[in-house]
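Student: I would like to learn how to read a sheet and its surroundings. Could you walk me through an example?

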Amino acid sequence: MIKEAMYIKSLTDLKDKPDVLPQILLLGRSNVGKSSFINSLTNRKNLARVSKTPGKTLLLNFYLINQNFYLVDAPGYGYARRSKSLKDDFIIMIEKFLLDNQDLLFVCLLIDFKVGPTKDDLNTYQFLRQLGREVIVVATKKDKIPKTKQFKQEKLIKGMLSNPEIFIAISNVTKENIDKVETLFLSRIDE
Ligand code: GTP
Ligand code: MG
């Protein structure tokens, strides 16, 4: 179980790394629900900042879980209103973080269950696979699709991603399947 969660720091410079512990990086476009997902997983209301304004998460934010691993909240991609130079800086930082990081266990790619994978999502997924990074796909906002249509939607999304090894659809509102993700993450940390 996730018993303890603590905000540790926000990185602007990758040289400023936190302690050597396993990390799970959350990636996804702006507004997909990354910060909400951290709050769901840690059973906290305001640990990570949730916003109605896309593009709120601007830095790599490290949350220490159970004193033994980090969840890393990243800025959302595909947010056009952020200035171009700033946007490029973040992309460069995340790429560096992915390329040179032995502590990173895997990437959790968040996709909107209702919207489905966008072009940016598909590009990111492919990029991560090309780097040889393991990707766990979590589809958020499952509550937005009526129960009768959920099976079909899941099949459609999985197909677009060429059937990823691990795919879990969740809701940060109803908390559906949050326990599944929690169990999965904790089992991977203990391996
Ligand atoms: P950035 O930090 O801008 O990249 O966004 P984010 O990915 O961290 O998204 P955030 O958690 O801030 O959520 C964006 C909006 O979506 C908020 O209004 C949330 O309340 C809403 N939201 C997040 N998850 C869910 C969900 O599972 N279901 C529904 N219905 N709304 C959600
Ligand atoms: Mg956020």
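Tutor: Strands here are DSSP runs of E with at least two residues, helices are runs of H or I with at least four, and both are numbered from the N terminus. This is a predicted model, in which local features need pLDDT of at least 70 and side-chain atom pairs count only at pLDDT 80 or more, while totals for chains, interfaces and linings use all residues. Residues are numbered from 1 along each chain as its sequence is written, and chains are lettered from A and ligands numbered from 1 in the order in which they are written.

Student: What stands opposite Leu-25 in E5?

Tutor: Val-107 does. On to the general idea: strands of a sheet pair through backbone hydrogen bonds, either parallel or antiparallel. Two strands count as paired if DSSP finds at least two bridges between them. E2 (residues 23-28) also runs parallel to E4 (residues 69-73), with four bridges joining them, and Gln-23 stands opposite Tyr-70 in E4.

Student: In what order do the seven strands of the open sheet come?

Tutor: The order is E1-E3-E4-E2-E5-E6-E7, with mixed pairing. E1 (5-11) and E7 (167-169) are at the edges with a single partner strand each, so one side of each has no neighbour in the sheet.

Student: Is E2 enclosed or open, and why?

Tutor: We call a residue buried if 20 or more other C-beta atoms, placed from the backbone, lie within 10 Å of its own, exposed if 12 or fewer do, and partly exposed in between. Six of the six residues of E2 are buried, so E2 is largely enclosed by the rest of the structure. Gln-23, Leu-25 and Leu-27 are buried on one side, and Ile-24, Leu-26 and Gly-28 on the other.

Student: Which residues touch the most other members of the largest nonpolar core?

Tutor: Such a core is a set of buried Ala, Val, Leu, Ile, Met, Phe, Trp, Tyr and Cys residues joined through C-beta atoms within 7 Å. Here it has 38 residues, and Leu-26, Val-72, Cys-108, Leu-109 and Leu-110 touch the most other members. E5 gives the most to this core, with six residues.
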